[in-house]
Amino acid sequence: MRTAIRGLVYAYAAYLAITFLILLPALNFLPPWLAKEYWGRDLTAELVLFNPFTLALEIRKGALAEPDGSRFLDFDRAEVNLSLATLTQPGLALDTLALEELYLHLQRNADGSFNISDLLASPPEAEEEPPTDTGSGELPALAIGALRLSAERIEVSDHQHPDGYNTHLDGLQLAVTDLSTVAEAGQPYRLQARGEGGGQLQWQGDLSIASASSAGSLELDDIDLRPVWRFAEPWLAFELDSSRLNLSLQYSASWQDTLDYTVTDGNIELIDTRISPRDGERLPDTGVALATLRLADISVDGSQQMLGLGRMTADGLNLRGWSEGGQVSLAELFAMPAAEDESETATDSPWRLQLGLFELRNSEVAWRSEFTEPGLLTVRPLTAELRDLHWPTRGASPLTLSLQINQLASLDVEGSVDPGAGNAELDFALEGLPLAWFGPNLPSILRAEISSGEARSSGRITLAEFQPATVAVDGAVADFAVVLQGAEDALTRWDNLHWKGLAVAMQERSINLAELHLEGYEGRLHIQEDGSINVQRLLEEEAGAAEEDAPGAGAEAEAEAEVTAEAEPEAGAGEQAPWQFSVPAIFIADSALDFQDKSLPIQFRTVIGGLDGTITNLNSDPTEALEVDLKGSVDGYAPVTLTGTASPLQSPPALDLDLNFRGLDMSRLTPYSATYAGYAIERGTLNAQLGYGLENNRLQGDNRIVIEQLKLGEQVASDKALDLPLRLGIALLTDSKGVIDLAVPVSGDVNNPKFSLGSVIAGAFVNLLTKAITSPFSLLASLVGSSEDLQTVDFAAGGSELDSHSQTKLRDLASAMQQRPALRLVISGRIDPETDRARLQEQLLQETLLEQGLTTEDISQRSEAWKSAIAERYAALDTGTAQDPEQSAPSLLQQARILRDQWPVPDSALQALASERAASSERFLVNEGAIDPERVVVAAVDTQAEANTFSGVELAVDT
């Protein structure tokens, strides 16, 4: 017994001697030598202690440097305490394994290697040895009663990063109790650390290495995300000004055969996230701010590949951005570098997502755009909800959206959307949208701007495969006005335009509108001083400038047209059916057309107001005609109607329209009469029945114009006035009741490039007036149904008595004059110098013969007494020429003619004859025709006038 005890004492003494004399020196000097030998590093320690009684190894102030001597790893204290249980159980048992106040610097070098690569490499001798069989691959038995790790700082550097990257963790604390590779039961652990920007990491739970399982909780509290962003900074266009993360979750995991894990009660919160562009000068007024983003009730099932989110809430989202040209600031802010291998395509993920509720609250968007005026639109408040979202989708998810723009316009959307199939059914309501905002979208060639207008609409939109399928909308545009640039008055405006039952079917390519109501419309058609129309000014100046700026545009357009023409046969094969549209009824109420003509010396302006009526059956079927029925008044008193049909889509187009005016005050037309007729209009009333038809591109007009009590005023100087005696023309056309009743047919070929409806109508009126003035007696004859020429009345040669035929003509003329009370007749006596002079000479000869005692019967019967008297007078006649003895004497008839021709008849006798003829006609017209004597005037006789070519009177009309 003593021997055994003595042996144990000697053995224990030897153990202590070896420990103090060999092991402790070896532990202090051998590791530094090995570190220098194999790794080229300096390994130092203030003190290495081994307690032979507790089997505890302790290292104080240990440090391992980089090969260049820089700081790599150091710690305040390390302890390994071998448990005596190792003697009674298989494997290794440690009471304590601890490392305190650790500092560790992990680094990736510029060449991609790590600063620990040399520590992980096997010694040369080990590399030469073939690998040995490790047996079953089970973990060796190990038990640690208390595992503790505390780190002052763990620093990570990446020199391969473009900008160089560095971050660290502080205050790392790891504690595991009764860690075992054999025990099935899980053992508690706890890990905590602080991030670079503050915040706390806490990870705790149970860990079982033997059963390859763990369960516990993870919490991140107030973690600054800027260090994470700093790593990605070179590849991002934005800066993360601030963002802090809170996270909490419960988890369980096992990795015995396959990795299975679950997460429950997960919550993630991002707080005060603010993003701004790195280049503020290139992307000004751009950024994202988010007060909070919360993901609540997160669950993950790795085996089922299922991710569940109970609620996702974005609160206080603030987006700022703009678009200009093709640049969109937010898109550039979040632009990502292109993938190196773009040929790789993403495969369908087997993971499934379920989101119970997404909320967007208290949010706003400030967007500056070149397409709106004002350029800055502020969407505030902005709220949205999306419920029951599944991916892959299992059906539609309810959606709501509500927003307000610039505190004026509002939009509310409610419906459901299937993001997988791209299908949706959305009800929307838009209120108070100012149309003037969209003025910059008008083509630059239009010299006009939207000065006012507010739109509202409500309806339903359906989507199919992310494309609009159907649209059903009711809506209105109120207080709308478009003005020319630089003008004060609106070119066109209306109080209210509203529609019902607008239905658009994209697949069927059809548009149907049940009703369209236009109220308080005011259109302005103004002719400027230079003769241009305000509508022309919309385009002509800009269009002309565009043509001048692009001298080669014509050739390019021609070439493009040729290419298009060549491509048409191929394109036609795949053409879709044309769009079909139908508008059964358009209702117009309380509308007006303002017409002004500044091109006249006296400006003209009138308003066709009070327009009410309908336009029906407007549709895309070219065989059906639309019907027009409109009623209004000119300047509030003269009724006007427009009725008929039109087929604008027929080829060629066709129309049959009637435009009627009643009771139009013609004095308001003075600007036109003064300009083109040279007279003002003192009074008069106009009624017009205008009918126009268009068929086969041929315009045919059947117009009836009735003017009552027209009276011209003073004459006005105008270089555009027609050279026509207007007063005479009016007198010719005005009947006894003061009415001008005209039928004015018009016609023209609309294919003629020079065709103008206005010129056709004006030409017809001028022709009618010219014909009346140049052929007044034809007009007068037509009034009494006579085919005679009432302008002249024939008399017997030398006579001034009216025969029955002449009296009939004068009666017809008198009857026609009764129908034209404004006309006066001017009667001019006419003579035929030869026949009338010969007849007067004959009458003087007869009077002399009667004075000699002959009777009228002697003269008419040429009795012997007449023959004797003629012969006697002829013999006494001194002709002044010698008689040829051989020449026979003239016959008695020749002697009578010679005697007649020798009788003197002065011009005064012829003048008296002409005057008597005029007086005879005047007396008949006054006495028999009952014409007011003041309306019949006898003109002075001029026997030398060229008009003296017949025996009678010539009449003219005057006023």
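In which strand is Asp265 found? Asp265 is found in strand β11, residues 260–277. Strands here are DSSP runs of E with at least two residues, helices are runs of H or I with at least four, and both are numbered from the N terminus. The model is predicted: local features need pLDDT of at least 70, side-chain atom pairs count only at pLDDT 80 or more, and totals for chains, interfaces and linings use all residues. Residues are numbered from 1 along each chain as its sequence is written, and side-chain values use heavy atoms, with hydrogens and water left out.

Asp265 has a positive phi of about 50 degrees, although it is not a glycine. Its relative accessibility is 54%, so Asp265 counts as exposed. The cut-offs are under 20% relative accessible area for buried, over 50% for exposed, and partly exposed in between, with a 1.4 Å probe and protein chains only. Asp178 also has a positive phi, of about 55 degrees, and is not a glycine. This residue lies in strand β6, residues 165–180. Asp178 is partly exposed, with a relative accessible area of 44%.

Cis peptide bonds come next. The bond from Glu373 to Pro374 is cis, with omega near 15 degrees. Pro374 sits in the loop between β15 (352–369) and β16 (376–391). A cis peptide bond also joins Arg380 and Pro381, with omega about -5 degrees. Pro381 is found in strand β16 itself.

Ser323 belongs to strand β13, residues 306–324. At 12% relative accessibility, Ser323 counts as buried. Its contacts (heavy atoms within 4.5 Å) include Trp367, Arg368, Ser369, Glu370 and Phe371, leaving aside neighbours within four places in sequence. Val328 is also in contact with Ser323.

In helix α9 (residues 726–733), seven of the eight residues are buried, so the helix is largely enclosed by the rest of the structure. The buried residues are Leu726, Leu728, Gly729, Ile730, Ala731, Leu732 and Leu733. Trp39 lies in helix α1, residues 2–39. Trp39 is partly exposed at 34% relative accessibility. Together with Leu30, Trp33, Leu34 and Tyr38, Trp39 makes a nonpolar surface patch of about 510 Å². Patches take residues with over 30% relative accessible area and no salt bridge, joining like charges within 9 Å and nonpolar side chains (Val, Leu, Ile, Met, Phe, Trp, Tyr) within 5 Å. A salt bridge is a side-chain nitrogen of Lys or Arg within 4 Å of a carboxyl oxygen of Asp or Glu. Accessible areas come from the Shrake-Rupley method with a 1.4 Å probe; for residues, only the protein chains shown count as cover.

An open sheet of four strands has the order β33-β36-β34-β35 and mixed pairing. Strands pair if DSSP finds at least two bridges between them. β33 (792–794) and β35 (936–938) stand at the edges with a single partner strand each, so one side of each lacks a neighbour in the sheet. Neighbouring strands are turned by 25 degrees against each other on average, direction ignored. Strand β34 (residues 824–830) runs parallel to β35, and three bridges join them. Val826 stands opposite Val937 in β35.

Phe950 is placed in the loop between β35 and β36 (952–958). Phe950 is buried, with a relative accessible area of 17%. Not counting residues up to four places away in sequence, Phe950 touches Thr792, Val793, Asp794, Arg830, Ile831, Asp832 and Arg917. The C-alpha atoms of Phe950 and Pro833 are separated by 8.2 Å, although these residues are 117 apart along the chain.

Notes:
Axes are lines fitted to C-alpha atoms, for helices over the stretch in contact, and angles run from 0 to 180 degrees between N-to-C directions.
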